[in-house]
Structures are given as C-alpha cells and as structure tokens.
Amino acid sequence: MTSQTAERPVRNLPAGLPGRARRLLRELSLPTVLFALLALLILAPVGLIVLSAFASDTPRPGNFDLSGLTLDNFVNVASAGSFKAALNSLAVGLGASALALLIGGFLAFVTARTNVYARGFLYLVGLLPMLLPSYVGALAWSVLGSENAGLANITLRDLGLPGFVDINNIAGLMVVLALYYAPYAFLLIHGALSLMNPDLEEAANVHGAPFGQVLRRVTLPLVTPAFLGAAVLIFVLTIENFPVSQIIGGAAGVETLPTYIYRLMNSTPSRGNEAAAVAIALVVVVLVVTALQRRMLARRTFTTVSGKGMKPRRIDLGGWRLPALLAGLGYFVLSTVLPVLALLFVALHDSPYIGTVLGAFGKPDAFTVEAFTDVLDSSIAQRATVNSVVVSVAAALLGTLLAFAVAYVVQRTKLPGRQPLEYVSMLPLAIPAIVLGLGLLWTWLIMPIPVYGTLAVMVIAFVAAQMPQGFRGVASSIGQVDRDLEDSAVMHGASRTRAIATITAPLLRVGLTSTFLLLLMLSMRELTVPLFLFTSDTRLLSIVIFDDFDNGILQRAAATSLLYCLVILVLSILSRRFGASEQR
C-alpha cells in the first residue's frame, strides 16, 4: 500500500479513534471479509465433518446436538469392513500410481528428449484422455471388459478366440484409473524434462557412461521433484476417486474408502457419523503422504536451470523409434479409441443386449440413432444440460473473482492475515472430494440460508472445491505483472480500486480468462462433490450419466456420455483459440 493511500480519510469508522487504529481497522477489513467467505465455503464443511465424527447425531436443520460427544463412531474405523476398504484403497492407489507414472513418464521422456516418430502426435496422445472424465472412461471399460458380456470378449468369440478380458477386479480398477490419470504425470514430468540442463547428461556420456546408466543415474534423479509430485498427486486422486471405484470396483465387490463412505451415507438408516469418522481417516492418509513427499524433497537440491543458455539434446532412439511410437499408440487405443468406439457401438445398437459385434455390421437394421434422439428429446437431459451450463458458468465466474481478490491480497499487499488466506484457499487439495461434498451437505442443511435444493448450493460447492486451482491460476498471473504500473496510477490521484480495475485487471485478462476456462472445464467434469447435494430438479449431466449407468440404462448412458464429451471437447477448443487470440 502506498503512503498516499494509507493517509486518505477512512469512511464509516468510529470517530475519535487514533489514526493508527483507524488504519489498522481499514487494513483488516478486506482480509476479514475474504476470510469469512472462505471460512463459510471451506472451513465450515471441514469443521462439521470433524464435529460429526464425535457426535451422536448428524447435522439437521434446527437439530445439531454437541452435548453427547462420543468416540463410538471411530469403532467403525477399526471394523473389518473399514479396514478392508482401507487396504483396497492403499493397493489401488499404489498400483494405479505406479502404472500411471510408467505411462506418463514414458510419453513425457520420448516426446521431450528423443527423436521418436510422430513426436507431436504422441504429445497430443498424452493429453487426450483428459477430455474424457474418468467416470466416462470407467463406464466405457465396464462395457468393454466385462467377463461375459463385454464387447472385447464378444469380439474375440466372434473371431473364434477365447475371451480373456476381465476388468471387474482390483487389477482392472488400477488399470482404468492409471489410464485416465497418466496425463497428470505426463504434464509434470514433461515440463521437468524440457527444462533440464543437458550438459549433465553430456558430461556423463563423455566419461563413457552408457545410455542406460545415464538415464538411471543422471536423468531420472534430476526429475525427482516432478516425479514425486506426480506420484503424490496421482496417489491422492486415485485413493479419493469415487465414480471409477463405484463403477468398476462395485461390479467386482471391491470396496474402497470413498465407496465405503458412500454406502454408509446411503444405508437405512443413514450412518453419517460413522461416515464422518471414516472420512477423517481418509484425510489423515492424504496429509501423511503429502508430508512425506515434502520431507523427501527437502533433503536434496535439484537445481539444473541457470542463467546460461541451453538447448535440450534429442536422444537418438535408433531402432527403438518405431517400438516407442507403437507403445504410445497402444496407450492411445486403450485410453481413447476403444472407449469411444465402445460407447458409440452401445449407443447406436438397436438393442441393449448384444450377442455379436462383428455380425452386427452385416445387418442393415442393427444400428439406430434412437438413443441419441431420446437423449436430445429428454426433458431430464435438457434440464441437466441447462443446469450444468448455468452452474459451471456461475461457479467459474464467481470462483475467478474470489480467487482474484484473495490472490491480490496475498501477492500485492502486506495486509495482516494474508497468509492464512492462502492456506485456507489451498486446503481443499488435502480433502477428498467425497469428504468435502459430505461437509457441504451438512453445512447448507443447517445454515439459515435457503439454498439447499437449489442450483445455488451447487455453485457454492464448486467454488469451494476448485478454490486451489483458481487461486494458483490467478496468483501466477499476478506475479508476472509489475506492480509499479498500478502504484503509478495511485500516485497520480487514482483510487486503488480504480487502478486495479483500469490497470491491473486488463493486464491480467489472459490469466483471468485462462482461470475462468479452467474452472469451467472442471465444473463440467465434476461428479463427486455434488453427489450428496443434488435433487430431482438440480441434477447435472454427470449425475444423469451416473444414475443411468447405476440403473442399467446403458444405451442412454452411453449416448449422454458421448454428447457430454463432445461439449467438453468444444469447450477445450474454444479455450485454446480464445486464449491464443488474447495473447496476440
């Protein structure tokens, strides 16, 4: 804050206060308002989860009694069912993370550091699965990989071969999760490999080290931060993933902690307090894993980029160029091509019962667009589409505005309380989505604000869940704009608010637009957070797809999923083109 700004008269403050006290009250006002908003959005749901874990009754309108606190709810945490779900979550998290790191790391290495064939296409392959929400991919693979009625096994039997594909087990759950979380590893590791100084590898080559030894002892250790960061991120995302675990694991009888919490909440009567206790255990696991990663990275330094110019060296794969390309294409087929074709086949087939795949192409009346027309004509799908668009746009807009206000206070001011704002903004990263959704349900049930059962509660939930992504997106953009431009306007008589509106915000239009589009995409893909919040009038497209699959309406679920992915693809293309035009 400039001296000129600090000396201006403070309005609406009590008369007679010393000047220093008046300045302090003014400086505390904005952080206090922002902290109150974040407390309502994030801290209140988390606090209710903790309190409910020790209470005998779940929060209800006008009835949340904390007089009878108990530890009985934690008995369920040590039960056989909870323990088995925890072991399954741990196994799934470790297995899916390892496979996702292998896939993403391989694609990142060959596209960033080698002369593999079709390098640009393979880079696109590494990103394409992000256009398919993980639960859509799980739905597709449940259609493809069922032991008896899966399209893959039916096709094999059409060819006279035995069917051997079975995705409905814990190994299949790991594979499906790895397919759709590998892009996270790809992005993080690719960035690290692209920035790494090649002089270190060349020095090892000069001293006679073979390629494998250079890779093992120089390249991989230098990308340890990105590798560990990707590992922790994917581990956390996979152990907290609900829809894939419910779709794939549910058919196999494999229960994880998120599906266990969901079952407790949907039992009769609801066992919400026990679910809260299990949720705390899941949050503790996430926090422990994150703390271990930070401790491992704190022991070493990994600086490889200095002021010296550098050009990453392309490694000649020689005879391995074609196998590397084929491996990348294999991932493309498994993650994108086969799932999309499976959904398209099911949606176009004239019957939900499929006896042959190859034989269907010889029948002129075997395919119909009736499922697509039913979806387009369905009042439920139409309302869900409108709801999804309204909620996503509103959540992205409000989330961007709130993230801008918080990021500005944290990055551009020295106001008291700015650091707690950052910590609270990033807190949802450590809270599994199903846990946050449960806390949001109880928060807005007992709040004297009539938003539960409306689209407003969905918007609030999305803003809360996506606050970390919004804050980081805006904060990184603010850091790139010199504050002297804004301060100059203030020194020439403009108010701070006017300087922000006319100088800072226009300069941040690309960053703010990118953050808005990111939050829009995340909102369109979200399923778990609104799982406990929707009603028959506030269903979103993601909820409609999940309900149709859960009720066995596969053709409509497949058709809706394809239209849903088309909407996400259009949003992605528009975001890239709009972002490019803004940068010009």
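How closely do the axes of helix 3 and helix 10 come, and at what angle do they cross? In this predicted model, the two axes come within 8 Å and cross at roughly 140°. Helix 3 covers residues 80-113, and helix 10 covers residues 224-239. The handedness of the crossing is right-handed.

Let's look at who touches whom. Helix 3 brings Ser-89, Leu-90, Gly-93, Leu-94, Ala-96, Ser-97, Ala-100 and Leu-101 to the contact, and helix 10 answers with Phe-227, Ala-230, Ala-231, Ile-234, Phe-235, Thr-238 and Ile-239. Sorted by class, that contact holds eleven nonpolar and four polar residues, with no charged ones. The spacing along each helix is worth a glance in the viewer: an α-helix has 3.6 residues a turn, so residues three or four places apart point the same way.

Now move along to a second pair. Helix 20 (residues 467-478) packs against helix 23 (residues 509-525) at an angle of about 165°, with the axes 9 Å apart. These two helices are therefore roughly antiparallel, and helix 20 passes helix 23 in a right-handed crossing. On the helix 20 side you will find Gln-469, Gly-470, Gly-473, Val-474 and Ser-477, which meet Gly-511, Leu-512, Thr-515, Leu-518, Leu-519 and Leu-522 of helix 23. By class, this contact has five nonpolar and six polar residues, and again no charged ones.

Helix 20 itself has twelve residues and reaches 16 Å from its first C-alpha to its last, close to the 16 Å expected. Its buried residues include Gly-470, Val-474 and Ser-477, which also take part in the contact with helix 23.

Conventions
Residues numbered from 1 in each chain as written. Predicted model: local features only at pLDDT ≥ 70, side-chain atom pairs only at ≥ 80, totals over all residues. Heavy atoms only, no water. Axes fitted to C-alpha atoms, helices over the stretch in contact; angles between N-to-C directions. Helix = DSSP H or I, 4+ residues; strand = E, 2+ residues; numbered from the N terminus. Parallel < 35°, antiparallel > 145°, perpendicular 65-115°, else oblique. Left-handed = near helix turned anticlockwise from the far one by under 90°. Contact = heavy atoms within 4.5 Å. Nonpolar A, V, L, I, M, F, W, Y, C, P; charged D, E, K, R; others polar. Expected span 1.5 Å × (residues − 1). Buried < 20%, exposed > 50% of the residue type's maximum accessible area, 1.4 Å probe, protein only.
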